[in-house]
Amino acid sequence: MAPGWHTYSKDPGDSGLPTKIRWRLPDGFAAGEIQWPVPKRIETPPLVNFGYEDTVSLLVQLTPPSSLAGEKAILSAQVTWLECKDVCVPGKADVSLTVPVSSQPSPPTAEMASFFAEARARLPAGSETAPSASRDPPLSLGFALLLAFLGGLLLNLMPCVLPVLSIKFLGFLETPRETLRKHGLLYGAGVLLSFLVLAGLLIVLRAGGEKLGWGFQLQSPVFVGFLGALFFALGLNLLGVFEIGTSLVGLGGFLGGKSSRNAFLSGVLAVLVATPCTAPFMGPALGYALTQSALSSLIIFCSLGFGLAFPYVLLSFFPVGLRWIPKPGAWMLTLKQGMAFLFFGTSLWMVWVLGLQRGTEMVSVLLLIFLGISVGAWLAGPVAERARSDVKRIRVRRVGVAVAVLSALGLWALGGPATERPDDHRYSQAKVDSLLAEGRPVFVDFTAAWCITCQVNERTTLSSSKVREAFRKRNVAVLVADWTNRDPDITRALEQFGRNGVPLYVLYSARGERVVLPAVLTPDIVLKALDSLQE
C-alpha cells in the first residue's frame, strides 16, 4: 500500500471492511479460512480501526483431493478489499496461479520459505484454528442429534406434513388395537428408511461434486410436477371419485388402512411431503451433518426421521388419547372429503412453484396432466361401477388406469431450461460487498418457492409494514438469494454459514458484522436485530 493508506482486518473496528477472498478452485479442492495477522491500531479520532499498512500477507490453506488427474491445476480467486486514507477506495482483483500436479512435493525456494515464515510469524497464537464469529457455535455429534430430533418433531406441525398426518390419525380409528403397535412401527420404519435413502443420495451426489442441499429434489421441475399430480390424485380419492382399497377413510387404503404395507408406504409419503419444510433446529443440524463422515451424516438424518415419526409411534403404543374421539360414523366421511381440499391446496402450491421454475407454458402442461388424471380416475371409478357386467367393469377400469398413467408420463416434459425471475434484488456476494463498501447495511433472504417456512416468513414478517419501514429508515438493502432452482453459488454461500438448506436470514451491519436470524421469523425478531446492529 502507498504510504498512509491502510486495509482492514477481520474485525475492522469502528468502520471499514475486511478483505474477502472468493475462491474458484478445481473440483475436490477445499479452501480454509483466512489466517489474519495481528492488526495495527489505526486512530482517526473519534474512530478507532484495526488494519494493516505498507504490506500484509493473508494466508489460506488449500487442500487438494486425494487424487488428481492432469498435469496442472489452476487456482483462481476474486479478492475484494477496502483501502483508506482521507478517503476510502474499494478494490477488486482476479488472481490465479497454475501449479504442477506431481506425486512428489516440490521443495520451496529459499525466497518462498522466508516469505511464509515471516507471514506465519505475524499470526496470533492459535489463529489457524479460530471459527468465524458469523457462524453458529461448533456442534458435537450428540448435540446435532438432539437438534435433529427436535427439528423432526416440529416438522409434524408444519403445514406440508399436516394433511398426511391427519389422514393417518383417522386411520387409527379403523385399525384393530392388536395391530396398532405393528402399524406404528412400520410407519416409523418407512420414515427412517426414506430419510436414509434421501440422505444417502444427497451424500453421494455431493461427493461427486454436485452443490446440493436439503430439499434438492424440489429443484427438479419433474419432481415438483410429480408431487403436484400425486396430491391431486389423492384429493380425488378422498372425494370418492375412485377408491384405493375398501377402507372407510378412502385414502386409508393407501395411508392408514389395515394393510401393513400401507402403513409403511404412508411413512414414505410423509417424508416426501416434509422435504419442502424446514423446522426450527433443523438448519444447524443438517449443516453439521453434511460436513461429517457418511456414517455420522446418516445417523443425524436417522435422528431427524425419528423425530418426525415419534408422535405417531408413541400414540400407537399408548392410544389413550383415542378415547376422546367420537365413534366411527358418517362424520368421518365428511371429514375425509373436507381434507381433500388440503391436498388440492398443496397441489396448487406445486403448480405455483413450477411456474416460477419453468414459466406459464409448463404450468399449462401440468394442468393438462391433471385433466388426464381426473378423466382416468373418473373412468376407473364411477363409470366402471356402472358397467353391466364384471367383464366390462374390468375393461373400463383398465382403460381408466391407462389414461391416468399415460397422462402422468407427460411429467417428463416438464424438464427444460430454468426461467429467470426478473428481480433487481437478486443476491450475489459481489453485490453484498459493493453495498457494504457504500456503507449500507444488507439483509440477505435465502429462500425458495417450495419452502413453506420461507413463504410463511415472507407473508407474516418480511412483507409487514413495520419491517419494511424499518429497512427503509435504516437504508437497509434487501437481497433475495432464490434457491428455487439449483444454484451452486447460493449453495456455497449457505455452506459458509454452516447451513445446507433454506430459510436462512443474514443481516450485515454497515461495518460488515453479520447476524444470523432464526429460521422462523416474527417482526419483533427482525426489528430487535436491526436495533442491536445500530447499537
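**Notebook: buried spots, salt bridges and surface patches**

I looked up Val-161 and found it in the loop between helix H2 (141–155) and helix H3 (162–172). Helices (H or I, at least four residues) and strands (E, at least two) are DSSP runs, numbered from the N terminus. I noted that this is a predicted model, in which local features need pLDDT of at least 70 and side-chain atom pairs count only at pLDDT 80 or more, while totals for chains, interfaces and linings use all residues. Residues are numbered from 1 along each chain as its sequence is written, and side-chain values use heavy atoms, with hydrogens and water left out.

**Buried residues**

I checked the cover of Val-161 and got a relative accessible area of 0%, so Val-161 is buried. Buried means under 20% relative accessible area, exposed means over 50%, and partly exposed is in between (1.4 Å probe, protein chains only). I then looked at Val-273, which is 112 residues from Val-161 in sequence, and read 5.9 Å from C-alpha to C-alpha.

Next I went to Phe-370 in helix H11 (residues 360–385). Phe-370 counts as buried because its relative accessibility is 6%.

I found Glu-83 in strand S7 (residues 72–84). Glu-83 is buried yet has no salt bridge, and the nearest side chain of opposite charge, Lys-85, is 10 Å away. For charge, Lys and Arg count as positive and Asp and Glu as negative; His and the chain ends are not counted. I did see a polar contact of 3.4 Å between the side chains of Glu-83 and Trp-81. A polar contact is a pair of N or O atoms within 3.5 Å; within protein, one must be able to donate a hydrogen and the other to accept it, and residues adjacent in sequence count only if both atoms are side-chain atoms.

**Salt bridges**

How many salt bridges does the structure hold? I noted 10. A salt bridge is a side-chain nitrogen of Lys or Arg within 4 Å of a carboxyl oxygen of Asp or Glu.

I looked up Asp-489 and Arg-22, whose side chains meet in a salt bridge (3.7 Å, N to O). Asp-489 lies in helix H16 (residues 488–496) and Arg-22 in strand S2 (residues 20–24), so the pair ties together parts that are 467 residues apart in sequence.

I also looked up Glu-385 and Arg-397, where the closest N and O atoms of the salt bridge are 2.2 Å apart. Glu-385 is in helix H11 and Arg-397 in helix H12, so this pair ties together parts 12 residues apart in sequence.

**Surface patches**

I found a patch of positive charge on the surface where Arg-388, Lys-392, Arg-395 and Arg-398 gather. Patches are made of residues with over 30% relative accessible area and no salt bridge: like charges are joined within 9 Å, nonpolar side chains (Val, Leu, Ile, Met, Phe, Trp, Tyr) within 5 Å. The place of a charge is taken as NZ of Lys, CZ of Arg, CG of Asp or CD of Glu. Arg-395 lies in helix H12 (residues 390–408) and is exposed, with a relative accessible area of 57%.

I found a nonpolar surface patch of about 570 Å², made by Val-401, Val-405, Leu-406, Leu-409 and Trp-412. Accessible areas come from the Shrake-Rupley method with a 1.4 Å probe; for residues, only the protein chains shown count as cover. Val-405 is in helix H12 and counts as partly exposed at 45% relative accessibility.
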